[in-house]
Amino acid sequence: MVLSQHLTNKGTFNVRRAKSNDAHELSVLNAKWHFHDLANNNLTNGFLQGQPYSAEEFELIIKNNEIVLADINNRIAGYYLFDNITKNPTSVEYEKRITLLVEKKLITEFPISRRAQAVIDDEFQGNGLYKHLFTTLNNLCKEKYMTVFSMAHKRNPKIAANFTIGWKIINEDENFYNVYYNIINPTPLRRNFLNKYIKSGLKQMDILSLNHCVLLHYEQS
């Protein structure tokens, strides 16, 4: 089902949820933008870091209803996803970073989506697709998450676009910015609930368990 259409000088893009039969094409597009050797690639149009998603991992994300894409003439031009289900090394690293940031009280808004990723193929960049996909998925998932976490490589020239639409830097290391985006404004109820868990120690809780506790408490209040 088409969620919306986006008219550009390249034509009309259909924005929709991804389907299982999109998984292979998504994995090919994803792999195209993973540069393992940053020194010998043209970084102008951006790149992805970490382990590429397999078609099987895309199928998991699709079944979790956390990916939207734009297509034109039966070709996928780009996608935006939240990943709260795969267990590849890069996703695990994201979760570890969130845990450390929560322990340092640098992340205080839950439920949180542990990882976001966007790809717009090079010939379709500059047409506002990223912002359109970004807004669409945020609206679809605003009942599930308050905050989205991601990591932005400092050498990626496309990170400036993220900051213009509301992503904020939490902290940084030699190569990455840890960033977040608030899908919805935090409420005092959620702030007070999370503060109780921070004080009692979050090391014993994984991110998905904490998300579940916050949602359950919020729905019952």
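Helix α3 (residues 89-103) comprises 15 residues, and at 1.5 Å a residue these should span 21 Å, in agreement with the 21 Å that separates its end C-alpha atoms. The expected span is 1.5 Å times one less than the number of residues in the helix. Helices (H or I, at least four residues) and strands (E, at least two) are DSSP runs, numbered from the N terminus. The model is a predicted one, in which local features need pLDDT of at least 70 and side-chain atom pairs count only at pLDDT 80 or more, while totals for chains, interfaces and linings use all residues. Residues are numbered from 1 along each chain as its sequence is written, and side-chain values use heavy atoms, with hydrogens and water left out.

The buried residues of α3 are Thr90, Ser91, Tyr94, Glu95, Arg97, Ile98, Leu101 and Val102. These residues cover an arc of only 160° around the axis, which puts them on the same side of α3; the arc is that of the directions from the helix axis to the C-beta atoms. Buried denotes under 20% relative accessible area, exposed over 50%, and partly exposed in between (1.4 Å probe, protein chains only). The face turned away from the buried side of α3 carries the exposed residues Pro89 and Lys96. An α-helix has 3.6 residues a turn, so residues three or four places apart point the same way. At the N-terminal end, α3 is capped by Asn88, a side-chain oxygen of which lies 3.0 Å from the backbone nitrogen of Thr90. Just after the helix, Lys105 takes a positive phi of about 60°.

An open sheet is formed by 4 strands in the order β5-β7-β9-β8, with mixed pairing. Two strands are taken to pair if DSSP finds at least two bridges between them. The edge strands, each pairing on one side only, are β5 (112-113) and β8 (168-172). Helix α3 packs on this sheet, touching β5, β7 (147-153), β8 and β9, and its direction makes about 110° with that of β7. Contact here means heavy atoms within 4.5 Å; axes are lines fitted to C-alpha atoms, for helices over the stretch in contact, and angles run from 0 to 180 degrees between N-to-C directions. Strands β8 and β9 (residues 176-182) run antiparallel and are joined by 4 bridges. Within this pair, Ile169 has Val179 of β9 as its bridge partner, and Glu172 stands opposite Tyr177. The two strands are connected as a hairpin through 3 residues.

Strand β4 (75-82) has 7 of its 8 residues buried, so it is largely enclosed by the rest of the structure. Its antiparallel pairing with β3 (67-72) involves 6 bridges, and Val68 has Tyr80 of β4 as its bridge partner. A hairpin is formed by β3 and β4 with 2 residues between them, and Asn73 in the turn has a positive phi of about 50°. Strand β4 is also joined by 5 bridges to β6 (residues 116-120), again antiparallel; in this pairing Tyr80 stands opposite Ala118.

The loop between β4 and α3 contains Asp83, which is buried, with a relative accessible area of 0%. Its side chain makes a polar contact with that of Thr86 at 2.5 Å. A polar contact is a pair of N or O atoms within 3.5 Å; within protein, one must be able to donate a hydrogen and the other to accept it, and residues adjacent in sequence count only if both atoms are side-chain atoms. Not counting residues up to four places away in sequence, Asp83 touches Tyr53, Ile61, Glu66, Ser91, Ser113, Arg114 and Arg115.

In helix α2 (residues 55-63), the residues Ala55, Glu57, Phe58, Ile61 and Ile62 are buried. Seen down the axis, they fall within an arc of 155°, so they line one face of the helix. Glu56 and Lys63, on the other side of α2, are exposed. The buried residues pack against α1 (23-32), β3 and β4. The helix is followed by Asn65, whose phi is positive, near 60°.

Pro52 lies in the loop between α1 and α2 and is partly exposed, with a relative accessible area of 26%. Apart from its neighbours within four places in sequence, Pro52 is in contact with Asn30, Ala31, His34, His36 and Glu57. The C-alpha atoms of Pro52 and Lys32, which are 20 residues apart along the chain, are separated by 9.1 Å.
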